[in-house]
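Hi there,

Here is the structure I promised to pass on to you. Please have a look at it first, and then read my notes below.

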Amino acid sequence: QNKMYLLHASPNSGVNRLSVSISILREEQIFPSDIPVKYLVILAPQDYSSHIDALGDIVKLFSNKDFVSYLSNATDNKEIYKKIAETLQGE
């Protein structure tokens, strides 16, 4: 279990362009239905279809055990961006 929770805005909520954010919680939090969460992924789509590729990338990232392991100890944003790019190119 990778302890990722996906939050998303509605496409009609005023989003100007597709955005994705990953927040790493210092300590796991228990979310509804007793789900332990360490990573919050926030997806803000501008319409009902342009975010499909981004959603696929999110699935690829959090399905990769090496990436999730790396993320659990990561502290440098630039290095995280680099690891995201490397992980997505390697799939």
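A definition to start: accessible areas come from the Shrake-Rupley method with a 1.4 Å probe, and for residues only the protein chains shown count as cover. By that method the protein chain exposes about 6,300 Å², with carbon and sulfur atoms supplying 48% of it.

Please keep in mind that this is a predicted model: local features need pLDDT of at least 70, side-chain atom pairs count only at pLDDT 80 or more, and totals for chains, interfaces and linings use all residues. Residues are numbered from 1 along each chain as its sequence is written, and side-chain values use heavy atoms, with hydrogens and water left out.

Now the overall picture. The protein chain has three helices and three strands, in the order β-β-β-α-α-α along the sequence. Helices (H or I, at least four residues) and strands (E, at least two) are DSSP runs, numbered from the N terminus. The C-alpha trace spans about 35 × 35 × 20 Å along its principal axes. Of the 91 residues, 29% are buried, where buried means under 20% relative accessible area, exposed over 50%, and partly exposed in between (1.4 Å probe, protein chains only). Taking contact as heavy atoms within 4.5 Å, 57% of the contacts between residues at least 6 apart in sequence join residues at least 24 apart.

Next, a helix pair. Helix 2 (residues 65-73) and helix 3 (residues 77-90) pack at an angle of about 180°, and their axes are 11 Å apart. Axes here are lines fitted to C-alpha atoms, for helices over the stretch in contact, and angles run from 0 to 180 degrees between N-to-C directions. The two helices are therefore roughly antiparallel, a label for angles over 145 degrees. From helix 2, F67, Y70 and L71 meet E79, I80, K83, I84 and T87 of helix 3.

Finally, some loop residues. H51 sits in the loop between strand 3 (35-44) and helix 1 (52-63) and is buried, with a relative accessible area of 13%. Leaving aside residues up to four places away in sequence, H51 touches L18, L43 and P45.

S33 is exposed at 69% relative accessible area, and D34 is exposed at 64%.

Best wishes

Conventions. Parallel < 35°, antiparallel > 145°, perpendicular 65-115°, else oblique.
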